Amino acid sequence: MSKIFVLGHGYSGQALTRRLLKQGWQVAGTSREAREDTFRVAGPEDLAPGSPAAATLQQATHLLHSIPPGSDGDPVLAPVAALLQQKHALRWIGYLSTTGVYGDRDGGWVDESTPTTPNNARGERRVTAERQWLDLGQRHGIATQVFRLAGIYGPGRSSLDDVRAGTARRVDKPGHDFSRIHVEDIAQVLEASIARPRDRADSRGAIYNVCDDLPAPSADVVAYACNLLGVAPPPLLPFAQIAPSLSPMAREFWSANRKVRNTLIKGELSVKLLYPDYRAGLDAIFKAER
């Protein structure tokens, strides 16, 4: 029987495991929220050999990792590496990264062959973690795949929710586009990789950009959400006007401008996006809510 263990069983991980449960998989993982199928963890020590979480992980055939690295590095790499020195059943590892590793490209296109040039410490930590997990998988003969995710949205986490909450802003920064991806398309990409992982003998591992077909200004997305909800869009604010009030993380977000290609998930994994652009994604969310 196939068994998946999800390190950080949150929004994206649950989208995948909902699909796998329907196929008869066993699901477990770690989370900071109490749920029946998860272990609540406070730190890496909760994955120490002999712990309940570690024992369950050692029986898993698949591992999905979605916990971001911190200032001290990846919080679970060492305990997982220690467990792999013992008897285990893993044959697939998926690591959820970010397209932020490409840094600022002044609006240019990037694909998986583009060198990583992160423009902040978080991106640098991601690049390091990607390589560490690819190396770990290679050492143990486990098919290891890195998924660089664009901005994630979906039910309960979309511009529709921002507009309803009164927090949506339309920022005018000409030529600045963002790539994004619906959470259900993340799930189907992961499912496709599980079904046909790249050869574990490939020393490069596997890296996939996970995004839709239409990079677009965030102001356009907000305006479309307002149109669906039948409300007037908020005023268009010049970026220079809001820049002083941005948090450090938001400033980093706006400092990088790139468009992300998704050719590889289509060609290698045969993925046909459910929501190829934000309009299709928001339309589906809005329809499901009614």
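This briefing covers the sheet, the helix packing, the nonpolar cores and selected loop residues of the structure above.

The model is predicted: local features need pLDDT of at least 70, side-chain atom pairs count only at pLDDT 80 or more, and totals for chains, interfaces and linings use all residues. Residues are numbered from 1 along each chain as its sequence is written, and side-chain values use heavy atoms, with hydrogens and water left out. Helices (H or I, at least four residues) and strands (E, at least two) are DSSP runs, numbered from the N terminus.

**Sheet**

- Seven strands make up an open sheet with parallel pairing, in the order β3-β2-β1-β4-β5-β7-β11; two strands pair if DSSP finds at least two bridges between them.
- β3 (38–40) and β11 are the edge strands, each pairing on one side only.
- On average, neighbouring strands of this sheet are turned by 15° against each other, direction ignored.
- β4 (residues 62–65) pairs with β5 in the parallel sense over four bridges, and L63 stands opposite I93 in β5.
- Between β7 and β11 there are five bridges, also in the parallel sense, with R148 opposite N209 in β11.
- Six of the seven residues of β5 are buried, so β5 is largely enclosed by the rest of the structure; buried means under 20% relative accessible area, exposed over 50%, and partly exposed in between (1.4 Å probe, protein chains only).

**Helices**

- α1 packs on the sheet and touches β1, β2 (26–31), β4 and β5, and its direction makes about 170° with that of β1. Axes are lines fitted to C-alpha atoms, for helices over the stretch in contact, and angles run from 0 to 180 degrees between N-to-C directions.
- α4 lies across β4, β5, β7 and β11 and runs at about 170° to β5.
- Helix α3 (residues 77–84) and helix α4 (residues 121–140) pack at an angle of about 0°, with axes 11 Å apart; they are therefore roughly parallel to each other, a label for angles under 35 degrees.
- L77, V80, A81 and L84 of α3 meet Q132, W133, L136 and H140 of α4 in this contact, where contact means heavy atoms within 4.5 Å.

**Nonpolar cores**

- The largest nonpolar core has 27 residues, and those with the most contacts inside it are I4, L16, L64 and F147. Such a core is a set of buried Ala, Val, Leu, Ile, Met, Phe, Trp, Tyr and Cys residues joined through side-chain atoms within 4.5 Å.
- Two or more residues of this core come from each of β1 (3–7), α1 (11–22), β5, β7 (143–149), α6 (183–195) and β11 (206–210); α6 gives the most, with seven.
- Not counting residues up to four places away in sequence, L64 touches I4, F5, V6, L7, G13, L16, W92, G94, L96 and L190.
- Another core, of 25 residues, lies apart from it and includes A60, L83, W133 and L136.

**Loop residues**

- Most residues other than glycine have a negative phi.
- D106 has a positive phi of about 55° although it is not a glycine; D106 sits in the loop between β5 (92–98) and β6 (109–110) and is exposed, at a relative accessible area of 70%.
- S270, likewise not a glycine, has a positive phi near 55°; the loop between α10 (263–267) and α11 (278–289) holds S270, which is exposed at 52% relative accessible area.
- N262, in the loop between β13 (259–260) and α10, is buried, with a relative accessible area of 7%.
- Leaving aside neighbours within four places in sequence, N262 is in contact with N209, C211, D212, D213 and L273.

Notes: Angles under 35 degrees count as roughly parallel, over 145 as roughly antiparallel, 65 to 115 as roughly perpendicular and the rest as oblique.
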